[in-house]
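Dear colleague,

Please find below the structure that I am handing over to you. My notes on it follow directly after.

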Amino acid sequence: MPNYISRRKFLAAASTVAVSSLSNTNRNSALATTTGQPKSSPIAERIVDMHVHFDETSPSFVSDLLKVCGSLNLTACVLTPFSSRKIVAEAAKENPGQIVPFGYVDLDANDVVQQVDEFHALGYRGLGELEFVKKPFNDPSYFPVYELANRYAWIVLFHTGIVLRKKFDEPEDVASGRMRPIHLEEIARRFPKITVLGAHCGNPEYEWAAEIARWNPNVFFDLSGSSLTKMRERLADFRKIFWWSGSDWKTDTPNSDPSAYSKIVFGSDVKLSEIESVVRQYHAMFDACEVSPQTRKMIMGGTLARMLRLPG
Ligand SMILES: [Zn+2]
């Protein structure tokens with residue numbers, strides 16, 4: 001994607017701020033040792049990262065990723081541009097416990113349906129991150145893509161909320177309002193076999209995101225992006241957004257977990273060397289909101305591992 005570098009740089013800067021804001025206690029409890037092996041249980045537990053963009057500018061991306069997978073006990077859903085589809089399909093076949101291939105498509109491309117079919121033929125497991133759309137996500141012209149994803153019972157990762165600006169001195173046909181979390185509700189209901197995964201929890205429309213997740217068993221969100229940095233001094237505010245924990249809510253949740261936080265999955269959306277800092281940010285939020293150990297496990301990897309039927 002043309003925005004790749006700017007997005008990575010932006011997020012790297014954001015996560016550096018976030019890491020420097022963590023208390024020494026948090027930092028010491030979660031830091032890896034100098035050998036690269038995880039030191040404490042939060043990182044040693046299996047992680048499934050929904051949001052790893054394939055970096056077409058890095059020839060060593062796959063081998064770099066495999067190193068990170070080894071040191072963090074991580075499986076990465078690799079969001080792959082069509083032009084790199086074969087490289088990632090091959091890497092996923094060779095490393096099924098580490099790499100799960102997801103296809104990035106431009107929903108407005110004339111041949112988007114054929115691209116989706118080719119991703120499917122290559123063994124891809126879903127689509128994402130869908131973003132920079134010319135119409136709102138629930139526009140009927142996008143339904144042929146969703147119909148295919150529904151037939152394949154895929155996970156589809158949608159960007160939600162505020163989106164970066166790539167160009168400052170040229171016109172752009174980009175608007176965050178087309179990617180509001182509220183649009184995901186209609187997709188989840190019309191296409192019930194799709195697992196609708198919203199990136200960034202609708203930033204800043206967290207309440208809409210959470211309410212849609214509460215009512216729809218096939219809707220989840222990741223907390224990648226700037227939210228955990230923005231809210232680092234007030235992480236307990238997530239209790240107000242995910243308010244229904246423990247109440248007798250009647251929709252299906254992973255593991256029948258009564259925690260509202262079971263609607264969240266782990267996603268990093270940073271360069272590989274920064275994934276560990278996002279793991280720490282998630283755990284800081286868990287601590288602030290007193291998320292149970294069982295639910296943490298589901299968020300960090302259990303939910304996606306089950307959905308994707310990952311080995312071991
Ligand atoms: Zn995004």
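Glu129 has a relative accessibility of 0% and is therefore buried. The model in which this value was computed is a predicted one. Glu129 is also a ligand of the zinc ion: the protein donors are Glu129 through OE, His159 through ND1 and His200 through NE2, at 1.8 to 2.3 Å from the metal. Along the sequence, these donor residues follow the spacing E-x29-H-x40-H. Glu129 and His200 join distant parts of the chain, as they stand 71 residues apart. Glu129 belongs to strand β4 (residues 126–130), whereas His200 sits in the loop between β6 (195–199) and α9 (206–215). His200 has a relative accessible area of 6%, under the 20% limit, so His200 is buried.

Helix α12 (residues 275–289) packs with helix α13 (residues 293–307), their axes lying 11 Å apart at an angle of about 155 degrees. Because angles over 145 degrees count as roughly antiparallel, α12 is described as roughly antiparallel to α13. The crossing of the two helices, α12 and α13, is right-handed.

From α12, the residues in this contact are Val279, Tyr282, His283, Phe286 and Asp287; from α13, they are Arg296, Ile299 and Met300. By class, the contact of α12 with α13 comprises five nonpolar residues, one polar residue and two charged residues.

With kind regards

Note on methods:
Residues numbered from 1 in each chain as written. Predicted model: local features only at pLDDT ≥ 70, side-chain atom pairs only at ≥ 80, totals over all residues. Heavy atoms only, no water. Donors = N, O, S within 2.8 Å, 3.2 Å for Na, K, Ca; no water. Helix = DSSP H or I, 4+ residues; strand = E, 2+ residues; numbered from the N terminus. Buried < 20%, exposed > 50% of the residue type's maximum accessible area, 1.4 Å probe, protein only. Axes fitted to C-alpha atoms, helices over the stretch in contact; angles between N-to-C directions. Parallel < 35°, antiparallel > 145°, perpendicular 65-115°, else oblique. Left-handed = near helix turned anticlockwise from the far one by under 90°. Contact = heavy atoms within 4.5 Å. Nonpolar A, V, L, I, M, F, W, Y, C, P; charged D, E, K, R; others polar.
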